[in-house]
Every structure is written in C-alpha cells, then in structure tokens.
Amino acid sequence: MAPRRLTGPRADALTRALFDAVPGGILVLDAAGVVADASPALCEMLGYPRDEMVGRAPPHPWWVDGMLAAGTRRFSPAAREAPAVLVRRDGTTIAAIVRTAPLRDGDDDAGTVVSVAPAPLAPGLPMGDESHRAVVAALHEGVMVHRADGTILSCNPSAERILGVPAERIVGRRPATWDAVREDGTPIPDEEYPVALAATTGRPQTDVVVGLRTDDGVRWIAVNAQPVPGDDGRPIAVVASFTDVAARRRREELVARLGRILEQSRDEVYVFDVRSLRFVQVNRSALANTGYAMGELEAMTPLDLLPELDAAAFAAVVEPLRSADVERVQFETRFRRKDGTTYPVDVRMQLVGTETPAVIAAVVLDITARHAAEQELRRREAENRRLAREQGALRRVATAVAVERDPESVFDLVCEEAVRLIGARGGGLVRYEDGGAARVGAWSVAGAAPAFGPHEPPDGEGVAALVRRTGRAARVERADGEGASVTVAAPVRAGERLWGAIAVAGTEADRIAPDAADRLGRFAELVGIAISNAEARARLAALAATDHLTGLANHRAFQERLAQEVVRAGRHGRRVSLAVLDLDHFKRVNDDLGHQAGDAVLREAARRLAALTRAGDLIARVGGDEFAWLMPETAGMEAWQAADRAREAIAAEPFPGVGHMSVSAGVCDLDQAPHHSELFRLADGALYWAKQHGRDVAFLYSPEVVEVLSDAEHAERLTRLQALQSIRVLARAVDAKDTSTRQHSERVSEVAGALAIALGWDAEAASALRDAGLVHDVGKIAVPDAILFKPDRLTPEEFRRVTAHAALGAQMVADVLSADQVAWVRGHHERWDGRGYPDGLAGEAIPEGARILTLADSWDVMTSQRPYGVPLSREDALAECRRCSGAQFWPAAVEALERAVAGGAPPFGPARP
C-alpha cells in the first residue's frame with residue numbers, strides 16, 4: 001500500500017516543531033511498517049537523504065539488533081525502550097537507545113513512532129547489562145574491555161573473527177603478549193600501545209594502526225581506545241574498538257606497486273578511488289601533460305579533467321567497472337590542462353584489484369596528431385557528401401580519367417561539365433606557371449567565346465590573375481557594346497598548392513545564379529579532390545607507421561615490411577638480413593638525467609643510424625631503446641659489418657648533454673630462419689648474447705647461440721673457445737719468429753694473470769688479461785727480423801719501427817678481443833712516468849691491464865735468455881723492478897710481484913737452473 005503521511009497540511013507545523021524539539025531522531029512508520037516520515041536529525045545520524053527513507057518498506061537496512069524480530073511488524077503494539085545498533089549508510093555502526101510508541105486512530109492501529117538517541121556510556125565497565133551485551137555482540141567492529149593495567153576482561157565475536165583467535169585465548173592477555181608492531185615494522189613498546197596510552201593519559205587514542213602477531217601471521221588493525229573514568233576521574237578501564245585494515249594496506253601496497261610500474265610510462269596514467277573518485281596516484285607524464293602538481297591532482301577527480309562529461313555520464317562509464325560487469329572500458333574524449341586548453345585523448349580504464357574499496361587505473365593517450373589527421377579526412381568526406389549534386393559531372397570526368405583519355409580531352413570535359421553545371425555558355429581551365437597561366441582546357445556552346453584566352457597574363461585585371469592573386473573564387477561582370485557578360489572563376493587546388501583556375505562565362509540572358517561562384521568552387525575542389533584525398537591518406541598512413549619521437553618506422557610498420565621482405569626473398573631466392581640494436585645502459589640516462597634527456601638520446605641515435613642505411617633498407621624503432629635494421633639483398637656477414645659500423649657511429653661522438661653511449665647488436669640472415677618471426681627471434685637472441693658478453697659489440701647469429709641463450713655455462717665455454725682459437729693462431733705466428741723468444745707470450749700471459757689475481761682481480765678479468773698477454777707482441781709481425789733480433793744498439797729509425805708494434809698489434813686484435821683487451825695490448829709499453837709509447841700515457845691514465853702487462857713483459861725479458869743480454873737472477877730482477885717502481889712500473893704491480901714471488905705460486909715456483 002502507498003505510504004500514509006501522518007503530517008498533513010494542518011499538522012505540518014506541529015510535526016516540524018516536534019522534530020526540532022526532540023534531541024535525537026524520530027521515525028514514523030505506518031501500520032504496515034512503511035516509513036511515513038523521518039526527522040532531519042535522524043537522516044543526518046544515519047547518513048540517508050530523507051527521500052531514500054520515506055516510503056521504504058521493511059525490512060529496513062539501518063536496523064542491526066536482537067530486540068526487533070524480522071518481518072513486516074518490527075515493533076510491538078505497546079510502548080517499549082531498548083538498546084539497538086544502527087547501521088549508517090556508509091556501513092559504519094552506532095549504538096543507540098530506541099523508544100517506540102504506538103500510534104492509534106481510534107481503535108485502529110495507525111502505526112508507530114520511533115525515537116532514536118545515541119546510547120550513553122554505561123557506568124563502570126562498559127559492557128553494561130544484558131541488553132548492552134547484545135548490542136556489543138552485534139557490532140561489526142571488534143571490541144575489547146581492558147583493565148587499567150591493560151589486561152583484557154572481555155571481547156565480542158567480531159574481535160575473535162578479526163584476530164582469528166578464540167575468546168578464551170584473548171581474555172586475560174596483556175598487550176605485551178601480542179608483540180605489536182608499527183606500520184614500518186618496528187616494535188611498539190608496552191607503554192606506547194594505544195590502550196596503555198589511553199589508560200595513562202586519560203585521553204582517547206584514535207585510528208592507530210598496529211600489527212598484532214598471531215599464529216597465522218600479523219593481523220593489521222586500526223584501534224580506537226576510549227578510557228573509562230572512575231569516581232576520582234582516573235581511568236579504571238579502557239574500551240578498545242578496532243577494525244581490520246589488512247585490505248586497506250593491501251590496496252595501498254597495490255597502488256604503490258602499480259605506481260612504480262607505470263611511473264616510467266610515456267602515456268598518462270591516473271589511479272583513482274572507485275568510491276570518492278579522487279586521484280590517489282598519477283605518473284610523471286600526467287603531471288607534465290596537464291601542468292598540475294601532484295598535490296593539486298590529489299584534491300581532484302577525473303571530472304575536473306573531462307570537460308565533455310558530467311557526473312551522470314561519468315558514472316555511466318565507471319559503474320560497469322565498479323559492478324564487475326566489464327573488465328575494461330575505452331572511449332575518446334578531451335582532456336583539460338591547468339591552463340584551460342584541451343586536447344583529444346583515448347582513455348582506457350580498468351578495475352585494479354579485488355580489495356575494498358578498489359581503485360580504477362586509467363591510461364590516457366594523447367591522440368592529437370591522429371585526431372587532426374582523422375578530422376581532416378572526415379572534413380574531406382563531408383565535403384564529398386555535400387557535393388552529391390555534382391556526382392553526375394564527376395562520374396563522367398572520372399570515367400574519362402579511368403579509361404586514360406588524353407589530358408587535353410579530360411580537361412575539355414571538365415570545362416564542359418562546369419558549363420552545364422552552372423548554366424553558362426563557355427568554360428575554360430588554366431594551369432598556373434611561372435610565366436603566367438596557360439589554358440589547358442576549353443569548351444563552349446556554338447558561337448560562344450571561351451572563358452579564358454590561350455595565354456592569360458600573370459598580373460592585370462584578367463580573371464585568372466584575380467584568382468591567382470586572391471586565391472578565392474571570383475565573379476566579374478562587364479558591360480560593353482555587345483551587352484553584359486558574367487564570368488565566374490574558382491581556384492583549383494591540389495592539396496595546399498594552388499594548381500590553376502576554372503572559369504565559366506555567359507551573358508546576362510543566361511541568368512547565372514548569384515551562388516555560381518560557390519557552386520563552381522565546390523566543383524573545382526572535385527578536380528583536385530583525388531590528389532587531396534591521396535595526400536590526406538598518405539599523411540594518416542605515415543602517422544600510423546611512424547614513431548612520433550624519432551621519426552623512424554614504428555614496430556607495426558617494421559613487422560609488416562619484415563614479413564613482406566621475407567616472402568619476397570623466399571619467392572625469388574634472394575637474401576635478407578636483420579640487425580637488432582639496443583642502446584647500452586640507456587636506463588641510467590632516464591634515471592639520472594630524466595626522460596627528456598633520454599628522448600634526446602633516442603632522437604640522436606635514430607639520426608646516426610638512419611644516416612647509415614641504404615636505399616631499400618628500413619630502420620625502425622621497435623621498443624623503448626631498441627632499433628631494428630632490415631637489410632634486403634644482404635648476406636649475414638655484410639649485415640654484421642653494417643651493424644658494426646652502426647656500433648662505431650654510436651660510440652664515435654658524445655651525445656649532447658649525456659656523453660658517450662654505446663650500442664649492442666645482434667644479426668641474423670634468412671639462411672638461419674625461414675620465417676620472419678623466427679628471423680627476429682634469432683637476431684634478438686644474438687643481441688641478448690652481446691648484452692651478456694660485455695656490450696658495445698655486434699654478434700652474428702650462429703646455431704650454437706640457441707644453446708648459449710638457454711645455457712649460460714655453455715655460452716661462456718663457446719665464447720672462450722671461439723676467441724682463444726683466433727688468439728692461439730696469432731700467438732703461434734709471433735712465437736715462430738725466433739727460438740729464443742718462443743714461449744715468451746705464454747710466459748708473459750701467465751705472469752700477468754698471476755699479478756692480476758694478486759692485485760684482487762676476479763678470475764674472469766684475470767683470464768681476459770691472460771688472453772691479451774698471449775698476443776701482446778703480435779704487432780712485431782710487421783717488424784723486420786734484422787731489426788727485431790739485432791744484438792747491437794738500434795738506430796732511431798729502427799727504434800721507431802719497433803715502437804710501432806704496440807699500436808699495430810692493437811689494430812690486429814681489435815676484431816678478436818674486447819675493447820679493454822685491445823687497450824691493454826696497445827698500452828703494454830707505456831711507462832708510469834709517461835715516457836713510454838705509443839701514446840705517452842702516465843699514471844692512472846694507463847689502463848690497469850696495460851700496467852700489469854708492462855711489468856710482466858719486462859720481468860720475462862730480464863729473467864729469460866736473449867740475444868742481447870744475460871738473464872738476471874730472480875733476486876736481481878726483483879731489485880731492478882724495485883728500482884724502477886714509480887718510474888717505469890706501477891708501484892702497486894711491483895708490490896704484487898714481490899708477494900707473488902715470495903709465495904712461490906706459479907709461475908714463480910723454483911728458479912730456473
């Protein structure tokens with residue numbers, strides 16, 4: 001039945017006065033239990049708007065109590081008073097005293113008047129009588145009653161549920177037994193526990209988050225502790241209520257983790273609360289693009305940034321996510337910056353997490369460029385629809401073009417259609433040139449003059465000159481001895497370029513309409529519409545296929561071209577190679593200098609790489625700092641050489657504001673991968689190998705790399721075998737020069753390795769130094785034997801020839817060893833005092849490996865048989881090294897040599913006989 005209002009017009013003033021006079025809230029129910037009226041105080045207490053309460057049939061959502069039976073009649077016909085628990089609209093609860101009185105209309109039951117007042121604290125310990133115990137037991141929050149010393153006297157069922165501990169293990173405990181911790185994990189001293197603070201200070205403790213250790217882990221709760229004063233005013237007990245905040249903490253951690261993940265995104269990312277809609281997290285791109293500070297956005301909602309959506313429209317977008325009807329929503333709209341400007345965006349929203357309250361993550365893409373291109377295309381399409389009346393003329397012109405009629409006849413047809421369209425007598429078409437305007441088409445009815453002469457002057461009063469000068473359609477009316485004439489002309493544009501003009505002419509009797517210039521202008525647009533549409537489509541296609549930051553092809557365009565080239569190569573038996581390149585340590589640039597510096601590095605790297613490509617190649621940006629170079633008609637080795645040139649180009653010059661950068665590359669050709677996806681995967685695998693083995697290197701894929709990428713130990717073994725095989729060939733070429741120097745490189749290699757270990761190098765670095773030691777003198781291949789083994793003093797020219805071997809050797813091993821090893825080979829004749837060669841480096845400027853090789857080489861010369869001297873004893877050689885320490889040799893290396901010799905470790909075992 002419809003609710004019966006008990007406050008009619010005559011009783012309204014009395015009722016309002018009664019509502020205002022009662023300090024609590026008043027609820028009026030009719031005989032069926034339907035809410036007939038509710039006082040403002042009760043609405044405010046429960047958080048419900050009055051229109052949501054009035055007319056509501058039972059059961060009512062605000063009752064949680066043991067005194068009221070479920071069903072249509074919740075109140076007895078007699079007056080009654082009892083405690084109850086009310087549930088506010090936001091889900092929180094409040095203890096109250098409910099008084100009911102029957103409302104009678106004669107002998108009939110007309111309803112019930114219910115007054116509600118917040119329950120006062122019970123005297124003494126707050127559990128009170130049995131009625132209050134029922135109220136406390138019904139509360140959703142956990143409740144504990146503590147003595148002043150902290151001992152727990154009682155708890156309600158919600159406390160057991162939240163803590164996961166039965167009441168018998170709660171009652172009697174003290175706070176110290178919980179091992180309470182703060183949110184940062186630090187222990188809470190007994191005297192700082194919220195209950196203890198309330199008992200000692202007499203002041204309530206509000207919303208204190210603590211963690212209590214239980215059998216199944218830490219339970220996070222928010223505690224409110226209320227002291228209960230005794231007769232002397234000092235607390236005799238503490239009532240603590242608490243709620244489970246584990247879900248809130250998980251949500252906060254989820255939001256923080258999501259924020260860290262999305263912080264680096266170039267798209268704008270916003271995270272907002274699903275209930276309040278307030279932003280809780282945004283990334284750097286959002287701050288940069290909108291111009292707001294984080295503190296400003298935290299006080300805002302998405303509606304503040306979406307000028308095209310009102311609250312109802314946004315609620316319609318969010319509600320399906322909130323109710324889990326859909327996983328994500330996507331729409332296009334406009335975003336408003338702080339300065340009031342707007343820009344088009346693509347918004348993608350998704351509910352994050354299952355916690356309550358959940359959050360929504362919105363990824364916002366700036367689609368200004370795409371939007372502009374689409375708007376241009378839509379404008380052109382609208383123009384095409386508006387020209388439907390001219391389609392007959394257009395079809396005939398298009399047919400002439402389609403059958404490839406000669407240009408002159410097509411231009412004449414254009415003039416004919418224009419004349420018929422406007423209702424004139426003659427027409428003409430001119431194309432603008434440097435010297436003026438040349439007529440390229442004409443048509444007229446019998447006896448009529450064409451609209452243009454054969455050659456129109458570039459200036460003057462002619463209609464062609466007028467259109468060229470103004471760029472707009474024109475209407476010229478003249479009167480002469482033969483009568484009045486009317487000429488209408490319009491510009492013909494191909495894209496943005498003024499291509500020419502079309503004109504029609506007639507007499508006054510032809511009654512050329514006043515809007516003829518506009519109509520001819522639209523038809524003139526049709527003449528250049530094909531070119532215009534082609535340009536618009538080309539711009540849109542280029543935008544879709546281009547990386548906006550670098551101007552290179554993007555990932556999609558690259559994948560399409562890769563697939564095409566692989567199919568073409570397979571069909572015709574041609575070669576295709578692919579290089580995948582990745583900037584080394586690029587993340588450091590973003591982390592240390594910011595994304596603007598990172599973007600500048602990417603643009604400069606793209607410029608250097610693009611400068612190396614040939615006609616037919618494609619260079620694309622396929623990832624954050626990853627580029628792909630597609631090389632048709634190129635074998636694997638040629639592609640590797642090209643990739644190595646790219647590596648050198650990146651490393652050759654410092655990047656402005658950043659310094660030197662390097663790039664690693666992986667190369668693969670079609671011989672290894674029959675499918676385009678496999679070709680990319682293997683090239684990327686080779687890139688991964690290069691990254692794992694020192695960076696700043698280009699590596700050509702071979703079948704062994706598949707195992708390398710899946711087995712790190714096998715990778716190291718294969719790498720060393722490949723390098724050492726080439727190293728041994730070079731070492732044998734040096735040792736074959738003379739029997740007296742045979743094994744010299746091996747001995748230097750072993751001494752250098754031992755010194756490196758003594759200096760604290762790790763095993764891998766010491767092994768690399770041994771490899772360099774094996775070929776440190778390989779440059780002597782270019783020194784004539786007569787000079788190399790001359791027992792007498794060398795002439796200056798001969799000495800110059802000998803000193804060139806260090807630099808030459810470095811060049812010879814540059815393609816075999818790492819950059820550090822090459823530097824060691826080049827610098828193994830540098831001196832600590834700067835008097836060495838080939839570069840005259842001194843002190844710390846000399847690579848550390850080169851300093852060690854210098855001492856190892858000299859040690860072997862001093863202690864080995866040579867054509868030009870007698871070997872020194874180990875003691876004499878050590879003395880000579882000490883004497884030259886700080887001049888020729890690095891002092892730290894000499895000290896390491898002394899320790900190694902004293903220890904007798906290989907190769908410093910027993911002295912040679």
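Author: The side chains of Asp149 and Arg174 meet in a salt bridge, with an N to O distance of 3.7 Å. The term denotes a side-chain nitrogen of Lys or Arg within 4 Å of a carboxyl oxygen of Asp or Glu. The model is predicted, so local features need pLDDT of at least 70 and side-chain atom pairs count only at pLDDT 80 or more, whereas totals for chains, interfaces and linings use all residues. Residues are numbered from 1 along each chain as its sequence is written, and side-chain values use heavy atoms, with hydrogens and water left out.

The pair links distant parts of the chain, its members being 25 residues apart: Asp149 lies in the loop between S7 and S8, and Arg174 in the loop between helix H5 (157–163) and helix H6 (194–201). Helices (H or I, at least four residues) and strands (E, at least two) are DSSP runs numbered from the N terminus. Asp149 counts as partly exposed because its relative accessibility is 42%, and Arg174 is partly exposed at 41%. Here, buried means under 20% relative accessible area, exposed over 50%, and partly exposed in between (1.4 Å probe, protein chains only).

Strand S7 (residues 142–147) runs antiparallel to S8 and is joined to S8 by 3 bridges; two strands pair if DSSP finds at least two bridges between them. Within this pairing, Met144 has Cys155 in S8 as its bridge partner. The open sheet has 5 strands in the order S8-S7-S11-S10-S9, with antiparallel pairing. Strand S8 (152–155) and strand S9 (205–214) are its edge strands, each pairing on one side only.

Across the whole structure, a search finds 41 salt bridges. One of the other pairs is Glu374 with Arg370, at 3.2 Å, N to O. Glu374 and Arg370 are separated by about one helical turn because they are 4 residues apart in helix H11 (residues 368–386). Glu374 is partly exposed at 23% relative accessibility, and Arg370 is partly exposed at 31%. Arg561, Glu565, Arg568, Arg574 and Glu633 are linked in a network of salt bridges.

A further pair leads to another region. Arg831 forms a salt bridge with Asp833, and their closest N and O atoms are 2.9 Å apart. Asp833 is partly exposed, with a relative accessible area of 29%. The C-alpha atom of Arg831 is separated by 8.0 Å from that of Trp890, although the two residues are 59 residues apart along the chain. Trp890 has its place in the loop between H31 and H32 and counts as buried, at 12% relative accessibility. Leaving aside neighbours within four places in sequence, Trp890 is in contact (heavy atoms within 4.5 Å) with Leu759, Trp832, Glu848, Arg851 and Ile852.

Ile852 is also among the residues with the most contacts inside the largest nonpolar core, which has 39 residues. Such a core is a set of buried Ala, Val, Leu, Ile, Met, Phe, Trp, Tyr and Cys residues joined through side-chain atoms within 4.5 Å. Trp859 is another of these residues; its contacts beyond four places in sequence include Val751, Cys881, Leu897 and Phe908. For the chain as a whole, 45% of the 913 residues count as buried.
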